[in-house]
Amino acid sequence: MAQRAAAVRNIVVTGGGTGIGRAVSLRFAEDGHRVTIVGRRREVLHATVEQIKAEHGLDVTPVVCDLADPDDVEAALSQLPDRVDVLVNNAGSRELAVGAGPHGMLARWRGDFERNVLTAVLITESLRDRFTDSGRVVTVTSVAALRGGGSYGASKAALHAWNHSLAAQLGPQGVTCNIVAPGTVAGTEFFGSRLNDAELTRRAGRTLVGRVGRPADVAAAVVFLASPDAGFITGEILQCNGGELLGR
Ligand SMILES: NC(=O)c1ccc[n+]([C@@H]2O[C@H](COP(=O)([O-])OP(=O)(O)OC[C@H]3O[C@@H](n4cnc5c(N)ncnc54)[C@H](OP(=O)(O)O)[C@@H]3O)[C@@H](O)[C@H]2O)c1
């Protein structure tokens, strides 16, 4: 049977310097695509660029940008590809150390929406005119959007609602917009020191497969939804959590 030649695509991965984003970036680079990684910390991005070069012989391009800051996003646009085949909105975080009372609540809620919603919305809206006619937007949310995550879960759930309208708006031009919602994933910066052995064991016990996720598990789901073969799937949420939502 004849092999289909895969076209080289322009891929932008936010939060591509660490964790899940780095695994996603490596998968796309290994498949021969041109990958741009975006994050706030220049040194982290450059370390990832060098590591991927040294260990895999592959090039990825770093762009330093705070995606929650509209001025920064505008300034970064000139460094991003003119045509974007795939945007992976992966950047996001959760800050637990905020004060008490209404001011603490305001900081927590506003912060979670800035860290997780605006980091996806500002860049996606800014790149809207650059998506190719088989473009893909894949946004990383969380199982917390459905299962008790306070302001963090609420911010990820907001992305689910946003993705639905985005899919409706971009669908006529051939662009699909989908979500990957991971459960617990070890080996990233997300939990800091909170994910000790006891916590890992507890979380693994909540899944049906007896382990927490790896960045590569999530990368595989993202790569599938970004593939040409997934062109008839849009507005969807793909849970990637080892059955954690179902529980035992
Ligand atoms: N690990 C898990 O268990 C888990 C579970 C469910 C969902 N998720 C989601 O998965 C995504 C990736 O997380 P991860 O686990 O891989 O954690 P991570 O290692 O902390 O990755 C987050 C990345 O996002 C970047 N980032 C954060 N805020 C940014 C901003 N304002 N502008 C630009 N870049 C920003 C960070 O780089 P800089 O700090 O340098 O900007 C970092 O590279 C997040 O959206 C997270 O909510 C993770």
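Q: Which polar backbone atom is 2.8 Å from an oxygen atom of the ligand?

A: A polar contact is a pair of N or O atoms within 3.5 Å. In this predicted model, the backbone atom in question belongs to Ile-20. A polar side-chain atom of Thr-18 is 2.7 Å from a ligand oxygen, and a polar backbone atom of Glu-189 is 3.0 Å from an oxygen atom of the ligand. The model is predicted, with local features needing pLDDT of at least 70 and side-chain atom pairs pLDDT 80 or more, while totals for chains, interfaces and linings use all residues. Residues are numbered from 1 along each chain, and side-chain values use heavy atoms, without hydrogens and water.

Q: How many residues surround the ligand?

A: A residue is near a molecule if one of its heavy atoms lies within 4 Å of it. Here 28 residues surround the ligand, and the closest are Thr-18, Arg-41, Tyr-152, Val-185 and Thr-188. The shell divides into eleven nonpolar, twelve polar and five charged residues, with Asp, Glu, Lys and Arg counted as charged and Gly among the polar ones.

Q: Where is the ligand, and what is the space that it takes?

A: A molecule sits in a pocket if more than half of its atoms lie within 2 Å of the pocket's grid points. The ligand takes the space of the largest pocket.

Q: Which residues lie nearest the centre of the largest pocket?

A: Gly-92, Ser-93, Arg-94, Tyr-152 and Phe-190 do, out of a lining of 50 residues. Lining residues have an atom within 4 Å of a point on a 1 Å grid, and a pocket is an open set of points where a 1.4 Å probe fits, with protein on both sides within 12 Å along at least five of seven lines.

Conventions
Polar contact = N/O pair within 3.5 Å; in protein donor to acceptor, adjacent residues only side chain to side chain.
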